[in-house]
Amino acid sequence: MKKLLSFVLKIWRQKNNKEKGKFYTYKVYDVSPNSSFLEMLDLLNNQIINNSKKETPIAFDHDCREGICGMCSLYINGRAHGKENLTTTCQLYMRRFYNINTIYIEPWRAKPFPIIKDLIVDRSSFDRIIMSGGFISVNTLGKTIDGNMIPISKENADKAFDSAVCIGCGACVAACKNRSAMLFVAAKISQFILLPQGKIERKQRVLNMVKKMDEEGFGNCTNTKSCEIECPKGISTENISLMNKEYIQSFI
Amino acid sequence: MIYNNFISKIPNGSLNDQWKNHKSTLKLVSPNNRSKLDIIIIGSGLSGGSAAATLAELGYKIKIFCYQDSPRRAHSVAAQGGINASKNYQGDNDSVDQLFYDTIKGGDYRSRESNVYRLSEISSNIIDQCVAQGVPFARDYSGYLENRSFGGTKVSRTFYAKGQTGQQLLLACYSAMSRQIGKGRIKMYTRHEMLDIVIIDGKARGIIARNLINGEIERHSSHAVIIASGGYGNVFFLSTNAMGSNSTAIWKVHKRGGYFANPCYTQIHPTCIPIHGNYQSKLTLMSESLRNDGRIWVPKKIEDALLIRNGNKIPKDIQEIERDYYLERRYPSFGNLVPRDVASRAAKERCDKGFGVVNNETKEGVFLDFTTYIKQYGKEKTNELGIHNSNEKTIQKLGKKGLKDKYGNLFHMYEKITNENPYETPMKIYPAVHYTMGGIWVDYNLMSTIPGCYVIGEANFSDHGANRLGASALMQGLADGYFIIPYTIADYLSEYIGKNNKKISIKHENFENSEKKVKNKIKKLLLNNGNISPDFFHKKLGNIMWKYVGMSRNENGLLKAIKDIQKLRNNFWKNIYIPGIDGFNSELEKAIRIADFLELGELISMDALKRKESCGSHFREEYKTKEGEALRDDINYKYVSVWEYNKGKPISEEIFHKESLIFNFSKLQFRSYK
Ligand SMILES: Cc1cc2nc3c(=O)[nH]c(=O)nc-3n(C[C@H](O)[C@H](O)[C@H](O)COP(=O)(O)OP(=O)(O)OC[C@H]3O[C@@H](n4cnc5c(N)ncnc54)[C@H](O)[C@@H]3O)c2cc1C
Ligand code: SF4
Ligand code: FES
């Protein structure tokens, strides 16, 4: 067993969206290098609960802890989901912090993601973007044709899949200086234009989704590409180019 | 209408006519009447989400609830391996009958024939539907859908999207649902938890929910309630389920009169990453599809196992003939693809004998090795590419690329968690709690014993028997939601058309009473003057459950479990401490869920005690063959055990019922995978 670790944590705490927040300092001991970042926070919360009856544990979002639901967030030492590539916060392991003493933990910061409490933000703007057009309008009672009647080249199926794996975590927005949601939106747009089923509604879809994105207050893309770097699912900014093309073409 | 609420309503006729005939007898609700009917759905996973999308499409008014911040995060998103359908695209002689047979046999003849047959029939539709929605399933080079195989079957019928099938299916269903939310036919309540079901005149007429952001208690009324709240595996604390997965919705249904069926059937999944330490919060699954291409082994010699555990030998040091590929040895015809219960027990058996290869407290873990695949696939690929004088390096490279294409995300995940590179050294795996086959009892229409309360997906009990074959939960969730409930619920709702179409006021005294009960409980938890955190109790309960009600059970253990759980529950109500106030409070959320687990755990143990046979995932040490295989008792136990809560009495006094299982079309066979 490797040696247990301890850290100084500077954590953003904020009661709700109205009140101001600030950093608080905590010390956490006996962290196993094999535990995940969230397990480290569990440990801290347990220390808080056991040590004092005045302080409340730190609120943070999480559910699957497998890197797939997109619920966890956290800005860790200035990076969305921490500094490791292709990783969500729940899949970040403390062995990666071996030589680090102080860790800063903040919530996603973006106007369209208002803070709910401490490290938890409201990402329902993403849901509203999907509502505006992120779908294929098929009757779900199943009167469709046989799946093999729509052959799709392996290359396109694979590419569509690569775009479809976005987990809607919002790290792209948090990482972007413009608070742009382009990577998230573009991923959905690309998935559907690569598949024959999605082509019928393509014009309307891109127009509606882009409009909604603007309405929700997300900024524009200026090609800084920090979204791509921070995206835990490796969604490429190529999607954004594709979306821009699609958007312009929808006016023709 | 009077409901006799414990009749399975299995239609007459031969298996392949039953669903067709039954549908033709179900009453309809005309399109112009549907918008006058309100339906509440608890859960926005594959089952709840698909039901919401389709019912809204038909024109009903839907309110749907989930505890996460978005329906897209329901735990269905985590399903890795795939979804079954009997399409016979591979031409390996698959058929509806074959899928039916595998599923019935896989469930060890403890599921309902008619339900399983309907599921097999519908399976094909599901794939077509999902393709139409834009699910990027794996395709072969000619553009057609690709398949792979899973444990317990001899055909390739599993459709998949790399290792993220559940994610893709859920996102499609979330999109379909979002479209209806946009239209205003569905109202979505995120970060809301259902804490009680409201029964009026004996029928389900609404729920009490807690807004998790501000702690407000809300009343919602409806004409029917559909529960789609997923599985209760978290009663074991460590499981492959999401942290928030819980039993609260179904447990409340149970306490208000919904019978609970087969609670003791808990599937233990054979390929999870072994436990590392006691700080751990959950276990991570490595998809079973890996067993297609990985071979499972431990060293033949106990000394070698010891050397590996101590780090003095690595897997490569163990020669081929010194390895025990125990599944291939014991079950030659299925090998590594035996069903989950068989594979899990075999791993336990080896580790109990001291052959485990993981250096953790319990020394539990076996190898899942891809070396053979890398070689074979690499060679094939070099031939295919016309590389004639291929060397070992090229073969290895191409072989590993093949693995990456198929399972890339799983390998990535494994490396993250364990810090070991599975392309270079075998994975280590061990069984873990995964899926609960038991749940609320439902009839053929998926209605519980409470009229107007339907239960779908993992939350009900009906289709998987004592053991679930891989890739069939997604199939069931979507079959229930897209294709079954829309028909069967109309039959019930038709009653509310015309003068009966009165909305129930949320001021009704039963709403009042339910709300009061919920509020009192919350108050009690918050004001309790204890000093122990919720997590402590959850872990303790999990330990009891895993030790005595886990992979194998015996009478003494189960009796002890029941006593220990009762004691723990008392201790909980005496000493629980929840910091903070009523409002956003995750410790309070946990405590409410744990309080229910502490009751359900007892029922699970009682059910396991009562079933004096071994079947599927329920292995009673007293009932096994000479070779140590499960010994089923069809004469005495060919039934579904059904538990009725005895109002106001302790769990230990629940009333026991049986639903006899009738097998008209399949012959009950000894389940051998040799
Ligand atoms: C890691 C993993 C891998 C799997 N892989 C496969 C696979 O490859 N193939 C396969 O067929 N099956 C697989 N399964 C099983 C399958 O994914 C699940 O059985 C299935 O997705 C369950 O769907 P569901 O709709 O019933 O519930 P879930 O998807 O779990 O959804 C439950 C919903 O209920 C809500 N909810 C719960 N309680 C409440 C409450 N009290 N109030 C309000 N809302 C509530 C939740 O918010 C959520 O929206 C896997 C399961 C796991 C855990
Ligand atoms: S594009 Fe990447 S970073 Fe943005 S929401 Fe999707 S997965 Fe998260
Ligand atoms: S908790 Fe689900 S992605 Fe991190």
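User: What makes the shell around ligand 2 nonpolar, polar or charged in its residues?

Analyst: The shell around ligand 2 divides into 10 nonpolar residues, two polar and no charged. Here Ala, Val, Leu, Ile, Met, Phe, Trp, Tyr, Cys and Pro count as nonpolar, Asp, Glu, Lys and Arg as charged, and the others, Gly among them, as polar. This is a predicted model, where local features need pLDDT of at least 70 and side-chain atom pairs pLDDT 80 or more, while totals for chains, interfaces and linings use all residues. Residues are numbered from 1 along each chain as its sequence is written, chains are lettered from A and ligands numbered from 1 in the order written, and side-chain values use heavy atoms, without hydrogens and water.

User: Which residues are around ligand 2?

Analyst: Among them are A:Phe126, A:Cys166, A:Gly168 and A:Pro232. A residue counts as near if one of its heavy atoms lies within 4 Å of the molecule.

User: What is B:Asp491 in contact with, leaving aside its neighbours within four places in sequence?

Analyst: B:Asp491 is in contact with B:Thr25, B:Leu26 and B:Lys27, where contact means heavy atoms within 4.5 Å.

User: How much of chain A is buried?

Analyst: Buried residues make up 60% of its 252 residues.

Note on methods:
Buried < 20%, exposed > 50% of the residue type's maximum accessible area, 1.4 Å probe, protein only.
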